[in-house]
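Take a look at the model below.

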Amino acid sequence: MIEVKKKYRSKKAAERISLVVIYAILIAISVVWLIPFFMLIVLSFRGEQVGMSSDYLLPKQWSFNNYIKLFTQTKFLRWYANTMIVSVAVTIVQTIIVLMTSYALSRLRFKMRKPLMNIMLILGMFPGFLSMTAVYFVLKEINLTQNLLGLILVFTASSAMQYYICKGFFDTIPKSLDEAARIDGANRHQIFVKIILPLAKPIIIYTILTAFIAPWGEFMFSSFIMLGDPDKFTVAVGMKSWLDNSTLASEYFTVFCAAAVVVSIPITALFIWLQKYYVEGVTGGSVKG
Amino acid sequence: MDDLEYLKKSPWGRFWFKFAAFFKSLPGKLKAFFKAIPKQLKKLWLAFAGIFINIGRAAKYGDWKTRMSFGVMGFGLIARKQFLRGVIYLLFELLFILYMVFFGWKYLAKMGSLGEIARVEEWDDALGAFTYKFYDNSLLILLYSLLTIFIMVAFLYVWYQNVQGNLLSQQLVEVHRKLATAKDDLHSYANENYHKSLLAIPMFGLVVFTILPIFFMVFIAFTNYDKAHMPPNELFAWSGVDNFVTLLGGGVSANSKVFAYTFREVLLWTIVWAFFATFTNYVLGMVVAILINKKGVKFKKLWRTILVITIAVPQFVSLMFMSQLLADQGLVNNLMLKWGWINKAIPFLTDGTVAKITVIIVNMWVGIPYSMLICTGILMNIPADLYESARMDGVGPVRAYLKITLPYMLHVTTPYLITQFIGNLNNFNVIFLLTGGNPSSLDMQYAGKTDLLITWLYKLTVSESQYGIASVIGIFTFVIVAVLSLILYNRSKSVQNEEEFM
Amino acid sequence: MKKRLASLFVCVALAVGALAGLTACGGDDSIELTVWGSAAQEQTFMEMAEQFKAANPDKKYKIKFGIGEEDMAYSNVSKDVDAAADVYCYSNDQLVPLLRVGALARIGGGYLDTIKADNSEESVKSGSLAYGTADEKVYGYPFASDNGYFMFYNKGIVSDEQAKTLEGVIKACEDGNKKIGWAIDVPWYTAGWFFAFGGTYSVAYDDKYVETSIDIDFDNENGIKASKAIAKLTQSKAFAGKGTDNNIIATGFTTGQMAVAVTGTWSAQHIKEVLGENYGVCKLPTVTVGEETVQLSSFRGYKLIGVNPHSKNIAEAHKLAAFLSSENMQKVRFEKHMVGPTNKAFAQQISEDETFAALNAQNEFAVEQTSVPSNFWEPLKNYGLNIIDDLLNEDGTGGRIAYGEQLTKMVQLIKGSVSAS
């Protein structure tokens with residue numbers, strides 16, 4: 001009896017040690033992951049105009065000047081609004097398209113289904129920007145270059161190819177639900193809207209999140225389509241233009257940091273808020289045994 | 001190896017066995033793939049011939065209404081009071097004719113030559129300036145000819161449907177069956193034809209903005225579209241397989257050897273990069289997930305949230321910031337020099353080997369949170385009683401990990417791994433924003449030591465305007481990636497067992 | 001789903017509506033012109049545009065500004081010449097590629113006469129490939145003469161005497177534990193070392209601006225001497241390292257870690273502000289290799305305003321370009337951004353300015369930058385990197401590559417672009 005207790009105790013001690021080690025590792029990881037953001041935030045409060053090649057981190061004078069400059073002397077607000085418009089529109093359209101495509105591929109059976117899935121899979125592997133010139137001139141023909149609508153179109157036109165995870169999620173919803181509804185006389189459209197969609201909350205949120213983020217980080221197409229028109233830039237294109245001119249870069253580096261903070265905060269908040277669904281969506285959809 | 005031997009192996013052994021077996025079977029698979037082509041072609045031909053037989057039948061058995069619809073689409077349907085269908089067919093035909101007359105034809109006619117005169121310069125005395133008139137633009141001719149061909153194919157398909165539909169209606173009337181009314185038609189689009197209503201818009205976008213541009217780029221590979229032939233100032237022309245020859249080292253120019261060498265180097269690094277980028281992220285992401293999910297660890301949500309922030313901050317921000325941080329004269333080097341940790345700046349991004357390691361490490365910083373999230377979800381799905389019974393049997397945590405966790409994870413996440421691998425082959429952002437492909441070298445042409453195929457392509461097109469040859473590289477990349485991943489996908493369990501859950 | 005579908009239809013309807021609106025607009029009679037210039041001068045351009053409107057009250061102008069750096073003109077404009085600005089700034093090394101895509105309208109008549117009368121001959125020449133011949137075609141309104149570089153130094157560290165020789169500069173900085181910012185990994189700066197030792201190059205084009213022949217002799221013994229001279233700098237502990245750009249130079253002077261920098265007038269304002277009394281500026285130093293002492297050379301370039309042949313109002317575009325490059329506007333640019341003028345009269349007025357005196361002094365030893373081989377920059381940059389990384393030496397011993405061998409490779413690459421297209 002005593003022996004058992006001793007063993008139990010030593011086991012407990014071992015567990016405690018392993019916990020300590022785990023905490024140490026987790027803290028180390030957190031530090032590594034947060035340091036760049038910490039630096040970004042600190043640099044954004046740097047009052048003196050000293051850029052990235054300095055040899056100290058903490059500002060010599062803390063100030064809000066970068067933020068003030070950002071909102072009063074640059075087109076940042078405009079770019080922010082542009083990106084927000086594009087993002088919201090892309091989110092709505094893309095979510096609808098992805099849901100429609102995924103439902104069709106998951107639940108409906110038709111002749112071209114398998115080939116269609118394979119084709120979309122293959123298309124996704126084509127280096128996207130090689131087709132940029134062609135896309136640009138298609139847009140130009142319908143007068144949508146240098147235009148936010150054109151950008152929205154480019155972002156959403158091929159959303160169908162992102163069916164994969166969402167379809168995976170739909171696949172996990174038992175088919176017996178559909179059958180029961182069919183017996184009750186529901187048509188396919190009603191099944192989609194009334195049965196499947198209410199069950200798909202995690203994947204809808206996942207789709208919304210991924211769609212919403214894309215325009216904030218995309219650079220290539222946005223800069224091509226908005227060619228030289230700073231009033232139509234998205235934040236990514238605009239902020240890069242500050243660093244492209246290295247004379248300007250010394251003046252704007254700290255402003256860049258401030259802009260980065262402003263861009264990141266709402267998205268981060270959104271992400272933290274919806275994290276749970278994101279995890280459910282991505283694990284429910286991307287993997288199934 | 002027989003089944004018994006296989007079962008004796010450790011989970012890792014099994015994994016490697018499967019892994020090796022896959023690559024051993026690859027040549028055979030490829031052979032089978034190409035062998036199947038003639039069979040598929042035959043099938044295609046039969047389907048094709050079937051179309052003509054059907055059209056012939058419609059011409060033979062059709063009454064005058066049906067025959068009229070050969071020329072005036074939807075005529076028979078309207079005559080038989082199926083107005084909705086008929087009018088839609090008719091409208092479609094009218095639109096097609098308008099398109100061809102006012103737009104399509106003038107481009108299609110020039111597709112063979114890709115244009116004759118590009119521009120003319122004239123002195124205008126009244127304006128006091130030279131004026132310019134632009135005529136043929138090879139790029140637009142090619143692009144819109146392809147669009148026109150797409151539309152013509154679509155038209156032929158609809159026309160064929162129209163002929164069939166007219167004949168069907170005629171035959172239904174002959175046997176005194178009721179024809180579908182407009183209401184029935186509309187209903188069917190919420191039911192048996194529901195996939196058509198769902199997929200119409202997504203597929204239209206896909207065809208115009210993805211498939212058409214891809215066809216366009218494939219055709220570009222057979223032209224001499226480069227910096228000396230840039231529309232609208234100059235025309236480009238068909239050049240056969242010249243670009244392919246150049247890339248494979250058979251070109252006449254002094255630089256084509258360097259070019260072929262660059263291609264091999266970049267291809268090799270692309271594959272190395274994709275492998276390491278995928279597996280480091282996956283393995284370490286799983287480790288982090290296991291640590292966080294271990295029983296007894298508190299603040300699980302906090303740890304996860306800290307990592308998730310990297311996903312939420314736009315990648316271009318964090319990557320551009322990192323590239324500034326890690327520059328030779330960037331903050332990190334300056335701080336370390338100041339504190340006396342190093343004597344000389346570490347060339348994080350400017351030495352070939354160091355830069356390759358740096359991008360893989362930074363990519364871990366970017367990617368581990370994703371794989372951590374995914375692994376978290378799956379770890380929660382592993383039935384707890386598996387662990388419970390293992391514990392009863394006196395199995396330690398490490399063995400439990402090797403026996404239960406790892407095989408389960410590998411089994412479940414194969415599709416995810418494949419997607420990641422393909423994504424990394426085409427991972428533009430990390431390389432472009434971090435190193436821009438640098439450091440470059442005198443042995444390579446327009447490419448640096450960390451350039452992936454995709455970033456090299458970017459340089460070749462955007463800054464060097466070598467569109468022809470870039471398209472060839474694009475085609476090569478595409479074929480390699482597509483064949484590999486199609487085989488991988490169709491082998492992976494979740495695709496084969498698609499119906500299992502239903 | 002009904003709601004969703006409805007919202008989808010609303011989206012589509014909106015798209016169609018917007019489309020219709022777009023194609024229908026353009027009703028008013030004002031003349032729309034777009035200008036692309038450096039992001040750093042956006043404000044100034046807007047002010048100039050107002051002045052242009054005031055100077056031409058008989059017409060209604062709508063002038064928009066877009067960002068397009070002068071040295072990136074080709075990559076910006078060539079994406080879609082048709083959609084590019086009516087009027088845009090470019091540096092003269094971009095002339096040939098821009099001509100190749102037909103992005104520059106030829107200037108003639110009264111405008112050409114004015115340009116020739118007002119501006120220095122070199123600057124007008126930089127917008128033309130065959131200036132002074134029967135086939136002379138001019139493609140730009142020159143507005144800036146400062147696309148060249150010279151040396152800035154901190155008089156508190158480096159004496160005027162020391163600033164005359166590279167050896168003196170290095171010694172002063174090593175003693176003072178300060179850095180020298182000299183971008184050896186930027187080929188524009190590296191080329192000057194080769195010119196100093198007698199390196200030359202030349203390019204010939206056909207009527208479509210495609211290179212027909214390239215001559216370059218950087219791979220002879222003069223090239224080796226230049227390499228040794230570069231190594232003298234890069235092997236010093238005072239050498240700042242790779243990636244020195246305007247941003248790093250600005251920061252370096254602010255923090256006081258940098259005492260010497262080779263850059264152009266665009267850095268002048270900031271350095272002058274920081275150094276105050278210690279502001280020193282002069283032509284590049286001399287360098288001694290073996291027995292031979294030579295004055296370092298550089299590239300000399302101009303910035304011009306080009307008119308897009310696709311412009312819908314080409315005559316108005318010429319008017320605006322001429323206005324933007326006029327004497328008064330060059331004055332504004334000088335006062336706000338220290339941009340050096342090409343206007344002869346105005347250049348005379350400011351010849352006393354120490355910064356421009358230095359630029360002019362260096363220009364005496366500089367090489368005109370108009371027609372550079374298309375594959376010139378990348379190989380030269382990589383050669384510079386090789387020297388910084390200490391991968392080369394004279395005889396190829398000790399695991400290093402001989403200068404001569406690597407130079408041969410470089411020259412082959414530069415020449416190799418001829419038959420490529």
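**Salt bridges and interfaces**

Over all chains, the count comes to 32 salt bridges. Keep in mind that this is a predicted model.

Begin inside chain A. The side chains of A:Lys69 and A:Glu251 meet in a salt bridge, with N and O 3.0 Å apart. This pair links distant parts of the chain: A:Lys69 sits in helix α2 of chain A and A:Glu251 in helix α13 of chain A, 182 residues apart. Are the two partners buried or partly exposed? A:Lys69 counts as buried, because its relative accessibility is 13% and the cut-off for buried is under 20%. A:Glu251 has a relative accessible area of 29%, so this residue is partly exposed.

Now move to chain C. Here C:Glu316 forms a salt bridge with C:Lys59, and the closest N and O atoms are 2.6 Å apart. C:Glu316 lies in helix α12 (residues 314–324) of chain C, while C:Lys59 lies in the loop between α2 (42–55) and β2 (61–67) of chain C, so the pair ties together parts that are 257 residues apart in sequence. C:Glu316 is buried, with a relative accessible area of 11%. C:Lys59 is partly exposed, at 35%. Another group of residues, A:Lys75, A:Asp231 and C:Glu42, is joined into one network by salt bridges that share partners.

Other bridges cross between chains. The side chain of C:Asp82 meets the side chain of A:Lys140 in a salt bridge (2.8 Å, N to O). C:Asp82 is in the loop between α3 (73–77) and β3 (87–91) of chain C, and A:Lys140 is in helix α5 of chain A. Both residues are partly exposed: C:Asp82 at 32% relative accessibility, A:Lys140 at 22%. A:Lys140 also meets the side chain of C:Asp80 in a salt bridge, again at 2.8 Å, N to O.

A:Ser53, A:Ile96 and A:Leu227 supply 16% of the area that chain A buries against chain C, more than any other three residues. How many salt bridges are counted between chain A and chain C? The count is four. Six residue pairs are in polar contact across this interface.

Twelve residue pairs are in polar contact.

A:Ala260 is found in helix α13 (residues 246–286) of chain A. At 0% relative accessibility, A:Ala260 counts as buried. Leaving aside neighbours within four places in sequence, A:Ala260 is in contact with A:Leu40, A:Met239 and B:Val317. A:Ala260 and A:Ser44 are 216 residues apart in sequence, yet 8.6 Å apart in space, C-alpha to C-alpha.

Another buried residue is A:Asn66, at 6% relative accessibility. A:Asn66 belongs to helix α2 (residues 65–72) of chain A. What does the side chain of A:Asn66 make a polar contact with? One partner is the side chain of A:Thr254, at 3.1 Å. The backbone oxygen of A:Arg46 also lies 2.9 Å from a polar atom of the A:Asn66 side chain.

Finish with chain B as a whole. Chain B has 20 helices and two strands. Its radius of gyration is 30 Å, well over the 23 Å that the globule rule gives for 502 residues, so chain B is more spread out than a compact globule. The C-alpha atoms of chain B fill a box of roughly 90 × 80 × 45 Å along the principal axes. Buried residues make up 50% of chain B.

How values were computed: Residues numbered from 1 in each chain as written. Chains lettered and ligands numbered in written order. Predicted model: local features only at pLDDT ≥ 70, side-chain atom pairs only at ≥ 80, totals over all residues. Heavy atoms only, no water. Polar contact = N/O pair within 3.5 Å; in protein donor to acceptor, adjacent residues only side chain to side chain. Helix = DSSP H or I, 4+ residues; strand = E, 2+ residues; numbered from the N terminus. Rg over C-alpha atoms; globule rule 2.2 N^0.38 Å. Buried < 20%, exposed > 50% of the residue type's maximum accessible area, 1.4 Å probe, protein only. Contact = heavy atoms within 4.5 Å. Buried area = accessible area lost by both parts, 1.4 Å probe.
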